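Subject: Structure handover

Hello,

Please find the structure below, followed by notes on what was found in it.

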Amino acid sequence: MKRIAILTSGGDAPGMNAAIRAATLVGRAGGAEILGIERGYRGLLDDAFVELGANDVAGILREGGTILGSARCKEFHERPVRDRAREILARHAIDGLVVIGGNGSLTGAVHLASPEEIGKGRPLKVIGVPASIDNDLGLTGLSIGVDTAMNTIVEACDKIADTATAHDRTFIIEVMGRDCGYLAMTSAIAVGADLALFPEAGKTENDIVDQIVDTVMAVRKRPSRRARRVIVIKAEGVAVPADRLKTLVDAKLRARTPDSDPSSIETRVTVLGHVVRGGRPSAFDRLLGSRLANVAVRSLAAGQTHKMAAWMPPVELPEEVGTRSPFDPYVWLVDLGAVLAETDNLLKGRSSLARWRAGAFDEIEDALLL
Ligand code: F6P
C-alpha cells in the first residue's frame, strides 16, 4: 500500500480523531503516504485532499468532532457520482481508503469497494471503521462515540435528577439515536431512570402515554419522598414529539388525580439534542478509535477489502461473514455487505439482538415498578 486516504462522513462522533490519528501513524509506520479527505464524500467529490503527517495529528486525540470535517452526501447513492469519486481517487493514486462513519457512510464504502463497480478501473481497497453515537450498526458490539455520548447523557440526567428530586417532578428527557433506542436503553440503566421509551418497542402514542402515566402513579406511591421523582428517557426515534407527549401526559395525569394541584403534577421536558454528540472523547472512545483504525490500516496493507473492523461482534459469525483479526483479539474483520444487512435487521427489530434488547427492557421495567 503506497497511498492510503482517510475520510470521516455522516454525523461526527467523539473518538473519530483518535481513529484518524492511529490510521495516520500506523499507515506511515508501514511506509505509506497518508492523505485526509475533508468533509467526507462531499469533499472527495470536491477533490479536497490534505496530506497527513505526525504533526497534523499531534494532540487531536482529546478533541471532539473530526479534524477532517464531515458531511452528509445524498448524491453518493448514484452510481455516476461514485464513478467520478473513483476517478478522483485514482488520480491521487490512492490504493486504499479508510471510511470512518455510520450506516450511510458504510453504504457508500460498500459500493466504492464493489468489484463490479470498480470493473477495469484502478484497483481500490476499502475498509470501514464504525463510528456513530447511535450504536445502530450491526455486527459490532460498539461504534466509536457511543461511550462518550452515554457519559454525556448520564451527566445531564444526573443533574436533572437533582432538581427533579427536589421538586418531586417528572422529567421526559429526549436523547439522540435516530431510529435506534440503544442510547436511551443503556443510559436509562446507567442513571436509574424509571422508564425508557425506544422505537424498537413498537408502541402506539396511546400506549406510550399510558406507560408514562402508570409509571408516575406507581412511583408516586413510593414511601421515600426522595424516590418519588420520575425520570423518563425517550429516544428521539419514538415518533411522538416530546412536547406533545408532555401535553398528553399532563392531561391524563390531571384526569387521574383530580384532587392534585395541577402545577405539582406537570411534567418537564428536556431535549438534549446535539449536546449528546459533542465533547471530548472518553478514554474508552480514544482507545476504541485507535484500535479499530490500527486494524483497518493493517488489514488494508495485508490486502483485505470490503470489510469493517468491528469491536467484539455480539452475535456468532460464520467464517464467510467475519473472522477475528490477527492484529487485535477484540477486533474482528467483518464483511461490509453483511454489516449493512444486519444493520437493517437491527433497526427493523428483526435480529436476535434487537429482540433481546427489547425483551430485556420489558423485564427491567417490570422489576423497577414492583
Ligand atoms: O447519526 C447520528 C445522529 O446524531 C443521530 O442521532 C441524529 O438523529 C442525527 O445524527 C442528526 O443529524 P444532523 O446532525 O444531520 O441533524
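By class, how many nonpolar, polar and charged residues does the lining of the second largest pocket have? It has 9 nonpolar, 2 polar and 1 charged (Ala, Val, Leu, Ile, Met, Phe, Trp, Tyr, Cys and Pro count as nonpolar, Asp, Glu, Lys and Arg as charged, and the others, Gly among them, as polar).

This is a predicted model, in which local features need pLDDT of at least 70 and side-chain atom pairs count only at pLDDT 80 or more, while totals for chains, interfaces and linings use all residues. Residues are numbered from 1 along each chain as its sequence is written, and side-chain values use heavy atoms, with hydrogens and water left out.

Pockets

A pocket is an open set of points on a 1 Å grid over the protein atoms alone, where a 1.4 Å probe fits, with protein on both sides within 12 Å along at least five of seven lines; lining residues have an atom within 4 Å of a point. Grid points are joined across faces, edges and corners, and a volume is the space filled by probe spheres set on the points.

The second largest pocket has a volume of about 180 Å³. Helix H13 (352–368) and helix H7 (182–191) each give at least two residues to its lining, and H13 has the largest share, 6 residues. Helices (H or I, at least four residues) and strands (E, at least two) are DSSP runs, numbered from the N terminus. Among the lining residues are Gly141, Tyr182, Pro314, Trp356 and Arg357.

The largest pocket has a volume of about 700 Å³. Of its 31 lining residues, Gly10, Gly11, Arg72, Gly104 and Arg178 lie nearest its centre. Helix H4 (residues 103–112) supplies the largest share of this lining, 6 residues. The classes here are 8 nonpolar, 14 polar and 9 charged.

Serine 70

Serine 70 sits in the loop between strand S3 (49–51) and helix H3 (79–91). Its relative accessible area is 25%, so it is partly exposed (between buried, under 20%, and exposed, over 50%; 1.4 Å probe, protein chains only). Not counting residues up to four places away in sequence, serine 70 touches Thr8, Ser9, Gly10, Arg39 and Gly40, where contact means heavy atoms within 4.5 Å. The C-alpha atoms of serine 70 and serine 9 are separated by 4.8 Å, although the two residues are 61 residues apart along the chain.

Regards
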